[in-house]
Amino acid sequence: MLLWWWMLGIATIVFLGAVGMLGIAWVRRRSAGLPILGEREDINKRLVVLFGIGIPTAVLVALFAVANIYLIGQSAPPAAASTSMTVDVIGHQWWWEIRYPGTQAVTANEIHIPTGTRVNVVATTADVIHSFWVPALARKIDTIPGRNNRILMYASRAGTYRGQCAEFCGLQHANMGLEVVAQPPSAFRTWLTNMAAPAQSTTVASAQAGRQLFMSQQCASCHQIRGTSARATVGPDLTHVNSRSTLAAAEIPNDPTHLAAWIANPQAIKPGDRMPDLGLSRSQVQQLVAYLESLH
Ligand code: CUA
C-alpha cells in the first residue's frame, strides 16, 4: 500500500511538471513567438536530456528497486510461520468461489484465513481470465483456463482486507470484489467447522415457506444449499449465506433490505449478471429472505 502511495505521489509530480512545461511553452508561443529553439539551443538540449532521459531513468530504476524489495518481502512470510494451508479460489463471471481442500466447506466472495499462517492460494477459473488481487496481502495472480496458478498469502494481523478482480472480464468486472477475513487460528477453526457443516433447518414459518419456494422456483437450479435437494453450482453456494458480510461479490452489504432488493431485481443492481429476474411477488421475496437469513 505504501508503495502504491509513493508511486502515485511521484507520478503526480512528474505529470504536473510535464503539464506545467507544456503550459509555459504554449504561453511563450502565443506571446510574440519567443524562440523555443535557436539562440538558447544548448540550454534546451540540456533540458531535453535531463527531463527526457535523466529523471525518467532515475525514477524508473528507483521504483523498480523499491517494488522488488516489497515483492520479495511479500513472497516470503516470516520463518516463524511454520504452519500452512491451501485455499482454492475459482473465478466466475462475476464472483469468487472459495473451497477449502480436505473439507466440505464452500463459500463465495469471502475468504477466511488464520493469522500467522502461510496460505497457498490455488487460483483457477470457471470461464474467462480473471485476476485475484488482495493488495494488502499479496500480489496479483491471473486465473487462466486450464491452469492452476499459485500465490502465497499471509496476514500477520487480524482484520478484513478488500480484494478485487484485476483483469477485465466483462460487463461486471468492476463489481467482482471479495473480502479476506484474517482471524486468530482458533476463531478460524470455528468458522471452518461451521462452513463445512450442512445447512441448519429452520422452524420459523416464513422461513419454511421460503425454503419451499427456493426448492420449487428457479433458485435451486443454480444454487447449492448443502443438506437440501438444491445442488446446482452455477451460482454461489448459499449453505451459510447469512454468515457473509456482502452480497453480489462485495457490491452490496448483506442485510435483509439489500438481500430483498437483490432477489427482487438483480439486474438493476448488477446488469448482465446471470442472476435472473424471477418475477416474484413481494411476499415471496420476503419468504425467501426469511429462509436465506436463517442460513448462518
Ligand atoms: Cu473477473 Cu474482472
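Predicted model: local features only at pLDDT ≥ 70, side-chain atom pairs only at ≥ 80, totals over all residues.
1. Arginine 99 counts as partly exposed, because its relative accessibility is 31%. Glutamate 97, at a relative accessible area of 10%, is buried.

2. The count of salt bridges comes to two. In the other pair, aspartate 237 meets arginine 226, and 3.3 Å separates the closest N and O atoms. Both aspartate 237 and arginine 226 sit in the loop between helix 4 (205-216) and strand 11 (246-247), eleven residues apart. Aspartate 237 and arginine 226 are both buried.

3. Next, the nonpolar interior. In soluble globular proteins, nonpolar side chains tend to be buried together. Here the largest nonpolar core holds 32 residues, and the members that touch the most others are Tyr100, Ile111, Ile113, Phe132, Met153 and Val180. Among the elements that give two or more residues to this core are strand 1 (84-92), strand 2 (95-99), strand 4 (110-114), strand 10 (177-183) and helix 3 (185-196). Helix 3 supplies the largest share, four residues.

4. Leaving aside residues up to four places away in sequence, isoleucine 113 touches Val119, Leu137, Met153, Ala155, Val180, Val181, Ala182, Gln183 and Phe188. Apart from this core lies another one of 24 residues, including Ala220, Ala230, Leu238 and Ile263.

5. Helix 4 is worth a look of its own. Its twelve residues reach 17 Å from the first C-alpha to the last, close to the 16 Å expected at 1.5 Å a residue. Which residues of helix 4 are buried? They are Ala207, Gly210, Leu213 and Phe214. These four lie on the same side of helix 4, because they cover an arc of only 115° around the axis. An α-helix has 3.6 residues a turn, so residues three or four places apart point the same way. The buried residues of helix 4 pack against helix 7 (282-293), while Ala205, Gln212 and Ser216 are exposed on the other side of helix 4.

6. Finally, some backbone details to check by eye. Most residues other than glycine have a negative phi, and most peptide bonds are trans. Against that background, look at the bond joining glutamine 93 and tryptophan 94: this peptide bond is cis, with omega about 0°. Tryptophan 94 belongs to the loop between strand 1 and strand 2.

7. What is the phi of alanine 249? Alanine 249 has a positive phi of about 60°, although it is not a glycine. You will find alanine 249 in the loop between strand 11 and strand 12 (252-253). Alanine 249 is buried, because its relative accessible area is 2%, under the 20% cut-off. Alanine 250 also has a positive phi, of about 65°, and lies in the loop between strand 11 and strand 12. With a relative accessible area of 16%, alanine 250 is buried.

Terms used: Residues numbered from 1 in each chain as written. Heavy atoms only, no water. Salt bridge = Lys/Arg side-chain N within 4 Å of Asp/Glu carboxyl O. Buried < 20%, exposed > 50% of the residue type's maximum accessible area, 1.4 Å probe, protein only. Core = buried A, V, L, I, M, F, W, Y, C linked by side-chain atoms within 4.5 Å. Contact = heavy atoms within 4.5 Å. Expected span 1.5 Å × (residues − 1). Arc of directions from axis to C-beta.
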